[in-house]
Structures are given as structure tokens and as C-alpha cells.
Amino acid sequence: MRRSASSASLASGKNISPLYHNPKDHYDEMGDSRYTDPETGHKFQTEHDLILYELLQGNRKYVKWLQAQDSLSVQQSQFGAIEQEMSMVTLKECGYLQQIEEERLGLAGGPLRPTRPKALVISCSRSFAPMDHIFGADPRALLSVRVAGYTCSAADSVIGSVEWALADRTPPILIVVGNSNNDIVATAVQHAMGGRAPHKLNEQLEQQLSDSSLLNLVIPAVQDAMQRQPNGTYEEVLALACEMNVWRTVETLLSSSKTINEAAADGRLRVVGALLDVSSGAVQLMGQHPSLAELVKSTPSGDVVRTAEDAPVPAAEAAAMLYAGNLRYASGKGGYNQFSGDQKLLCKLCESGQNPVSVVVGCADSRAPIEMLFDMRPGDLFVLRNAGNTCASNKGSLIGSAEYSITHLRTKVLVVMGHTKCGAVAAAIDAAHSNTDLSTVAGSIGYLLADIIDSAKKAAASSPGTGSAEQMMLATRINVFNTIEKMIQYSDIVYTGVKLEELQVIGAVYDIYTGQIEWLGEHPQLEALVGRPMPMHQWHNSPYVVRGVSRLNNGRSPSAAAALGRLLEGNGRFVGGHWRYKPPRSADTAPWAIVIGGSEYRVPVEDLFDVDPGEIVVQRVLGSVAGMQERVAFSSIEYAVARWSPPVLLVLVESASPIIEAALQQMRGQLLPRAPIRVVLNHVMVSALRATQEAERDEVSTSAGKELLVKQLATELNCFYSMELLLRSATIRDKVLAGELELHGAIMESGTGKVSFLGEHPRQTDIINTVLLQSSVYQNGSNATLPREVWGTAFQPLDKEASVAVQSSSSSSTAGAKAKPSSRELEVIVPETPSTSCAVEEINERLRQERRRLDHRSGPPAGSAAAAAVQAARSSSSPLRFSPPIPPPGFSPPPSPPGESRWDSDNDDAALSFHGPVEAKWPSISESVGAALRSAGARLPHLLLPSCEPGE
């Protein structure tokens with residue numbers, strides 16, 4: 001039997017190009033019996049041909065099913081309700097998804113059972129239906145990556161997701177599916193055509209969307225379309241631009257990824273384009289890229305280099321990269337990520353500038369090769385070395401060099417690293433034991449040892465009965481922290497970065513025998529060094545307790561609560577097997593939620609929550625990561641939030657995600673994967689590192705219990721870290737502050753699909769306040785500083801008795817700063833909800849109790865600064881209050897959501913977190929007064945941050 005190419009076309013009445021370039025490719029007599037379609041018996045030459053044919057036939061049945069659904073809707077409107085059996089008969093008659101329907105109801109397994117996928121599909125997050133539905137495929141047969149505009153850029157999380165799938169199970173087909181009237185492409189067309197295009201959005205929103213970096217990736221396709229249709233109407237240009245954007249994405253995949261390029265060149269992978277007509281559901285397969293032969297001739301580099309053109313690496317990710325790099329080096333798996341022979345990468349690094357992940361202050365000892373022991377490459381580290389890794393003065397080259405990297409190169413981590421068997425520390429120990437007069441030491445060596453001698457003396461005094469090896473190790477650690485203290489003391493730039501929680505200064509000791517680094521962490525008295533509570537520092541360095549699971553709907557606003565309730569109820573139907581396929585909603589339907597899911601699990605998110613396709617926007621990339629700012633995944637989320645303003649943004653992670661496992665393996669010294677996968681791993685490794693450290697501190701009875709605990713911790717923390725990154729976006733943050741958006745987390749159980757909700761980030765308000773403060777200080781550049789006088793927190797060495805000075809209103813500050821009064825209002829953003837209103841009243845009662853308690857204490861010595869602070873607090877009459885007013889009296893507050901703590905007047909150690917867009921003020925108590933009260937024994941809430949400009 002002979003089958004023509006036209007018989008494989010869609011039953012949509014359109015003139016659709018054939019599936020294959022050569023019609024003879026799928027003649028039965030030329031086919032291979034291994035590639036036989038079980039439904040028709042047709043034979044195909046390759047597995048690629050067979051899979052594309054099956055997908056196309058599935059789409060044909062999907063279109064037929066949609067037509068049947070439309071017919072039923074007409075009958076229902078005319079003749080009343082139609083029996084359920086009639087709908088099932090229609091489903092069976094068109095043959096659409098009958099087998100998969102039975103499987104998903106539990107008759108033949110489950111939707112999450114892993115099998116080798118047939119294809120990987122890149123589509124738009126707003127494509128109105130999952131690709132599994134559109135292609136009539138078992139969801140286990142497709143892997144799905146979804147971002148706004150079905151686009152990607154070099155070495156981003158989209159390409160990382162594709163490369164991960166190819167490395168894991170190697171699907172033979174990669175399809176880039178565009179869709180007609182795509183919203184992102186339409187916005188780009190309106191922007192490019194100017195007055196020739198109809199403006200469907202208001203001017204403010206149109207301007208906001210046009211500034212999106214996502215549009216910069218789509219604009220080239222629009223320009224190509226306008227060149228081909230110079231006099232075309234808006235509709236004609238839009239239709240052609242949607243098609244050209246498919247080719248642009250295919251071209252980026254082939255020209256940016258070595259894995260994809262090589263697989264396409266040797267025939268293991270076929271990369272094709274397709275276009276979905278959202279009105280009919282029909283898919284037009286466009287074939288392979290017109291310039292495929294030229295694109296695969298030149299193999300791109302399998303690596304990328306980070307330059308000044310890229311965004312700086314966040315501190316938490318940089319620290320995780322250093323940790324994993326040292327483990328690779330120590331386990332003998334380092335050195336495989338060098339690019340010494342790649343001239344293109346070296347040229348780019350030379351011409352585009354450097355972007356190091358960390359400053360490292362290390363010892364000049366030849367046995368401590370810093371780039372090697374971190375398994376880093378040229379351009380990754382900004383290295384400063386001297387004997388004893390010390391800091392002698394505030395005007396030396398070491399401080400200036402570190403400040404250069406922090407301000408001009410935007411580095412977010414500074415590591416001070418000592419090492420075992422350090423000759424400088426050993427000499428200082430000997431000098432301390434022999435009471436050597438260092439001024440008599442020849443040359444400048446005495447000056448060098450003078451910077452280390454205090455550490456040696458402290459070590460000797462702390463452990464007088466121990467041997468010299470133990471004292472030397474202790475002196476090495478003390479010396480590391482002394483250098484950290486000096487750098488914060490001597491440098492306003494370092495001080496500012498640390499105080500604003502923008503810069504992490506981490507201590508470490510390298511073992512020259514084992515090659516491993518002992519991580520000492522940040523300074524144990526960091527908050528005292530900078531003179532203010534650091535809430536995010538506390539969050540990242542405090543033990544994290546597994547939150548467990550919650551099935552409660554804890555949305556704060558009515559619209560968010562309703563959206564979360566629909567998601568919860570729909571997931572209950574999915575788990576219970578009581579859900580059904582639904583036709584997509586109209587393109588005019590406004591989505592009421594955005595869900596960020598992972599590309600590693602197979603079940604469509606719309607099915608998981610049993611919602612109508614088109615009701616929610618679904619983004620899917622590996623690991624459910626938000627991605628780096630200005631990259632595709634992050635910009636895609638910002639675009640969706642700005643465009644549709646849904647009340648809920650849900651970060652959905654999988655309980656047994658393979659990317660979590662891969663990140664945990666990096667924490668055990670596994671080989672480094674290729675660059676696009678590293679883009680995703682760098683995000684997930686932050687949570688994997690903290691989970692590993694947490695599990696090492698916890699007492700777990702069995703190795704299995706420890707392993708499962710690590711995975712659970714990493715999964716939850718990965719969800720929260722994605723939320724932290726999202727809250728750094730001004731677009732998302734402004735919506736949250738305005739009460740228009742709630743950011744929630746959830747975990748999908750891999751075996752059943754059951755979703756458990758984690759709620760909002762436990763430190764959401766702290767994140768927002770920290771980011772706002774950073775933005776305010778650094779609005780004119782990263783070289784801004786906060787002189788200590790402006791904050792009223794002059795540096796005091798920690799080994800001396802520190803006192804807190806209360807400045808008078810006449811005291812002067814640094815040049816250019818206004819005089820600072822003895823006290824000022826501190827503001828913090830909290831929500832206007834009954835539960836937080838109740839919490840504020842509890843805080844006020846607590847403050848009154850503290851005042852009464854202090855009245856009956858002897859207090860600090862008369863005349864001291866602390867005594868003056870206590871007196872200032874006693875004279876304060878205004879308690880913490882809301883502005884604008886709180887809900888009316890008599891309103892019964894609901895119970896607090898799980899995990900949200902209240903201030904308990906009977907519990908001295910209770911904590912309180914606030915969320916939302918209302919100002920609460922605590923007048924007449926300054927930071928220095930609060931610090932003095934705490935030093936005098938008062939236990940006050942650590943939540944007040946200055947949201948005004950320093951010095952105002």
C-alpha cells in the first residue's frame with residue numbers, strides 16, 4: 001500500500017506543507033520493518049520519520065476531538081444536557097487519547113512512570129494547551145520546555161534543559177513549536193511597526209513590556225518578517241514573524257549548543273520547526289532549518305566564558321561553585337573544564353572583560369595554588385596573595401585591589417583563606433612563645449609577623465596545654481577571622497557590601513595534604529561588626545527545619561485564596577483519577593495563575609491541577625529555576641506578571657527531581673557537566689550545599705534516613721531560593737508590595753502527582769526590605785559606600801569592650817551627609833491583615849512589658865551610653881503602629897498559616913515575620929538605642945530596617 005504525503009496532512013482544511021522533504025522517505029516498500037506504525041502498519045525508513053508521523057496523526061485526532069467538543073457544546077445549548085456516555089462515545093469514535101485516558105486513570109500504570117521519551121518540545125508558556133494534548137501523545141512520551149515566546153539564548157536554562165534531556169535519555173526528535181498570534185511576538189511587532197500596528201494595550205503597559213529583555217530576542221524575527229513583507233498589514237507581519245521566530249530559536253539551538261549541533265549532524269537528533277494554529281488546534285510541521293547544512297558545518301564550543309557583559313554571579317551561587325570546585329580538585333576530578341586551546345573563548349575573555357565569581361585573599365605559599373584548588377579557570381577568580389593572608393593597613397594594595405573587584409567587576413564573594421603548615425603563622429607562634437622583639441627582625445619580615453602575632457598569642461593563651469600543631473591550627477583560624485575583621489574595618493566598600501547583605505566575606509582553611517578546604521563561614525560576630533541585625537544572614541546561617549507539607553489554602557487576598565483553592569481542588573481530582581481532558585479556553589481568557597514547573601517531569605501542569613488549558617500560564621525549565629536576571633527564563637516570568645497580573649505565582653518543584661540529585665552529586669565532587677547544564681546547576685547547588693551542611697549537623701540514625709533528609713531539604717530550599725531570586729525583580733516585587741500578587745511554593749510528589757503547598761517565603765519581607773535598601777544605596781553604582789558615621793555605628797574591635805554611643809542632634813557626620821538626630825523613625829513593610837494587626841498589638845504589649853521590666857532593674861552603670869539609651873527608650877511614648885489604619889475593631893482574625901510565627905509575650909525567643917504593603921513605624925527608637933537595649937537584656941523584635949536614605 002502506498003501513502004502519499006498529503007494523507008499525512010491535518011484535517012483542518014488548510015494548505016499545509018508535507019511532513020517530509022522527500023515523499024519517497026515514507027513509502028512502505030522502502031521502509032524498515034523496525035519502524036512500523038502499529039495503528040496503520042505503515043513502514044518508515046527511520047525512527048524519526050515514524051515518531052513525526054505518530055505525532056502528526058495524534059494532532060489530527062486532537063483536531064477532530066475539538067470539533068466534536070464544539071458540536072457537543074452547540075447541542076447542549078440547543079437541546080439541554082447531553083449524557084456523559086454520549087461524550088465518551090464521541091471520544092472513542094474520534095480515537096483521541098483513549099489508551100492514555102485509561103492509563104491516567106490507573107488502568108495501565110501512571111503518568112509519571114519514566115520511559116524513554118520520543119520527543120522534546122519547546123513551546124510557549126502561553127500556548128493554550130499542553131503539547132501532550134496537542135500531539136495526542138502519552139505524556140510519558142514527551143518532554144516539555146515552555147517559556148514565553150518559545151525562544152532561547154546561548155547557554156541559558158532553556159538550552160540547559162534540552163542538553164540535560166539529550167544526555168539523560170536522548171529523545172530522537174526536538175520540535176520547536178511556535179503558535180499563531182503569539183502574545184510576545186505580537187508585542188514585538190507592535191513595537192517595531194509603531195503607528196502602523198493597532199495598539200491593544202494601554203500605553204503604560206505597552207512601554208513596560210517593550211522594555212523587556214525578552215523582546216530583544218524576538219525583534220530579529222520581526223525585522224526579518226517586515227523585510228519580507230515591507231507593505232504587509234499587521235496581521236500578515238505577525239503571522240510571518242511567528243514563523244520566523246521558530247527558525248530563530250532553531251538556529252540558536254544549533255549554533256550555541258555543541259551537544260545539539262553534533263547530535264543533529266550525525267543523525268541522532270532531528271530538529272524541526274512547527275507552527276500551532278491556536279484557533280483550530282492544528283499543527284503545521286515546517287521541517288528542518290532551511291540552512292541546516294551550513295549550521296552543522298561549524299561546531300560551536302562546548303563551553304562558555306563569563307565576561308563583563310554577563311550579569312554578576314549572586315553570592316550564594318558563587319560560594320556553592322567554590323565549594324563544589326574544591327571537592328572536584330580534592331577527589332581528583334578537577335582540571336577538565338579548562339579552555340586553554342579554545343581561541344574563541346580566550347579572545348572573548350580578552351575583549352569583553354572579566355567577571356570573576358569571587359575575590360580570594362590567600363597566602364603566597366607555593367603549595368596553595370588558588371585557581372587549581374578551586375578548579376577554576378582564567379577569569380573566574382580575582383586572587384590576592386601575601387605571606388600569612390593578612391591585611392596590614394587600610395591604604396595598601398590588598399584593600400584597594402579587593403575594592404576594585406567588588407565595585408568595578410561586581411564580585412559578590414570575598415574569601416579569606418589560610419592553609420595548614422603556613423610558614424608565616426609558624427614563625428608568629430615561635431615569636432609569641434619566645435617573646436621576640438619583632439622590631440629586631442631583619443627586613444620587613446617583622447612588620448609582616450606583627451600582623452599575625454596577635455592571632456598567635458590568642459591561640460597560645462586559649463590552648464596552653466596543647467602541642468604546637470594544635471596551636472598553629474587554631475592560630476590559622478583566628479588569623480583568617482582577624483583578616484576578615486580588618487577588611488571590614490579598613491574598607492568602607494567592604495563594610496557597605498556586608499552591611500547591605502550584598503557581599504559575603506567567608507573564611508576558609510586549605511589542607512595542603514588532602515587538598516580539601518575547611519569552610520569557616522562568615523565572621524561569627526558579623527552583626528556586631530556592622531552594627532545592625534542582618535535578617536537574611538540569619539536565614540541563610542540558621543538551621544533550617546523541614547516545613548513538611550500542608551494542604552491548607554493560605555492565600556492572603558481573596559483572589560489569591562480563590563486561585564490557590566482551585567489549584568488544590570484540581571490536584572485532588574487528578575490524584576483521585578476524577579479529572580478529564582478539557583478543550584482550551586479562548587485566547588482572550590485572562591490567566592489567573594502562573595506556574596513555574598520543571599521540565600524533568602512528564603505530566604502536563606494543566607492536567608496536574610485539572611484546569612482548563614489557557615486558564616494558567618505554565619513555564620517549564622529544568623529544576624523549576626527562576627534563572628538569572630536578564631536571561632530568558634527570568635524575563636519570561638517578568639513578562640507574564642506584567643502582562644496579565646495574575647494573583648498567584650506558584651513555584652512547583654518535584655520531590656525526586658533528577659537535577660536535585662545532580663546538584664547533590666556536585667557537592668560530593670562529581671565531574672563538572674557542560675556549560676548550559678551548569679547554568680541550571682549553579683542555581684540548584686545553592687540549596688544542595690545548604691542541605692548537605694544541614695544534614696551533617698543533624699543526628700540521623702541511618703544512612704538512608706540521612707540521604708532522604710538531604711533530598712527533602714534540598715528540594716524545599718530550592719523552591720525558596722527560586723522565590724528569593726524572583727523577589728529581586730522590580731516587576732514582581734512591586735506587584736507583591738501592592739498586594740496584587742502572592743508568591744507561593746509547592747512540591748509535587750513524584751510517585752503520585754500529589755501537590756503539597758509550602759506557602760510564601762518565610763522571610764519574604766526581609767528579602768524585600770534588603771533588596772530595597774540595596775537598590776537605594778547602589779542606585780548610582782556599586783562603588784557607593786555607607787560611612788559608619790552616617791549609620792551611627794563606629795567600628796569597635798571585638799576583643800575590646802564595645803559601647804554603643806547615642807549621637808546628639810548636633811553631632812556631625814561625614815562630608816556630604818546631613819546631621820543625624822539622636823533618634824529617627826525606622827520603617828518596615830508589613831501587611832494590612834487581621835493576623836498581622838494582632839501580631840503588632842502583641843509586640844506593643846511586649847514593649848510595654850520591657851519598659852516595666854527595665855524600670856525595676858538596676859540597669860547599666862549611671863552615665864554610660866547604654867544607660868542613656870535605656871532612658872531614651874523609657875521616654876518613648878509611641879508604640880509600633882500601622883499606617884494606614886488597620887481593619888476595624890471586632891474583626892476576628894483567622895489562624896496564622898502554618899510556619900508563620902507570632903510574637904509570644906510568654907516566650908522570650910519567639911520571632912515574627914511580616915509580609916506585604918503597609919508601613920509600620922516605631923518612632924523615637926533608633927538602631928543604636930535598640931542595640932543598647934538588647935545589650936542591657938531587653939529582648940526586642942529584630943525586624944526594623946531603615947527604608948529611608950541614610951542620614952535623612
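Strand β13 (residues 593-597) is a mostly covered element of this predicted model, with five of its five residues buried; buried stands for a relative accessible area under 20%, exposed for over 50%, and partly exposed for values in between, with a 1.4 Å probe and protein chains only. Strands here are DSSP runs of E with at least two residues, helices are runs of H or I with at least four residues, and both are numbered from the N terminus. In a regular strand, side chains alternate between the two faces of the sheet. In β13, A593, V595 and G597 point one way, I594 and I596 point the other way, and all are buried.

Residues are numbered from 1 along each chain as its sequence is written, and side-chain values rest on heavy atoms, with hydrogens and water left out. Since the model is predicted, local features need pLDDT of at least 70 and side-chain atom pairs count only at pLDDT 80 or more, while totals for chains, interfaces and linings use all residues.

Which strands pair with β13? Strand β14 (residues 616-620) runs parallel to β13 and is joined to β13 by five bridges, and the bridge partner of A593 in β14 is I616. Strand β15 (residues 648-654) also pairs with β13 in the parallel sense, over three bridges; there, I594 has L649 as its bridge partner. Pairing requires that DSSP finds at least two bridges between two strands.

Another sheet is open and has five strands in the order β9-β8-β10-β11-β12, with mixed pairing. Its edge strands are β9 and β12 (517-521), each of which pairs on one side only. On average, neighbouring strands of this sheet are turned by 25 degrees against each other, direction ignored. Within the sheet, strand β10 (residues 413-419) and strand β11 (residues 504-510) run parallel and are joined by seven bridges, with V415 opposite I506 in β11. Helix α15 (residues 397-407) packs on this sheet and touches β8 (358-363), β9 and β10; the direction of α15 makes about 175 degrees with that of β9. Such angles run from 0 to 180 degrees between N-to-C directions, and axes are lines fitted to C-alpha atoms, for helices over the stretch in contact. Touching, or contact, means heavy atoms within 4.5 Å.

Two packed helices are described by the angle between their axes and the distance between the axes. Helix α16 (residues 423-434) and helix α18 (residues 453-462) pack at about 65 degrees, with axes 8 Å apart. From α16, the residues A428, I429, A431, A432 and H433 meet I453, A456, K457 and A460 of α18. By class, this contact has seven nonpolar, one polar and one charged residues, where Ala, Val, Leu, Ile, Met, Phe, Trp, Tyr, Cys and Pro count as nonpolar, Asp, Glu, Lys and Arg as charged, and the others, Gly among them, as polar.

Side chains of opposite charge can pair when their charged atoms come close. How many salt bridges does the structure hold? The total is 24 salt bridges, each being a side-chain nitrogen of Lys or Arg within 4 Å of a carboxyl oxygen of Asp or Glu. One of them joins D375 and R328 at 2.7 Å, N to O. D375 lies in the loop between α14 (370-373) and β9 (381-386) and R328 in helix α12 (residues 315-330), so this pair ties together parts that are 47 residues apart in sequence. Both D375 and R328 are buried.

The side chains of R556 and E760 also meet in a salt bridge, at 2.9 Å, N to O. This pair links distant parts of the chain, 204 residues apart: R556 is in the loop between α22 (535-541) and α23 (558-576), and E760 in the loop between β17 (755-759) and α30 (764-777). R556 counts as partly exposed because its relative accessibility is 29%, whereas E760 is buried at 12%. R763 and D766 form a salt bridge at 3.5 Å, N to O, and both residues are buried. D303, R306, R377, D380 and R678 are linked in a network of salt bridges.

W164 sits in helix α5 (residues 157-168) and counts as buried because its relative accessibility is 17%. Leaving aside residues up to four places away in sequence, W164 touches L622, P658, I659, A662 and I677. W164 and I659 are 495 residues apart in sequence, and their C-alpha atoms are 8.9 Å apart in space.

Overall, the protein has 34 helices and 20 strands, and buried residues make up 55% of its 952 residues. Among contacts with a separation of 6 or more, 76% are between residues 24 or more positions apart.
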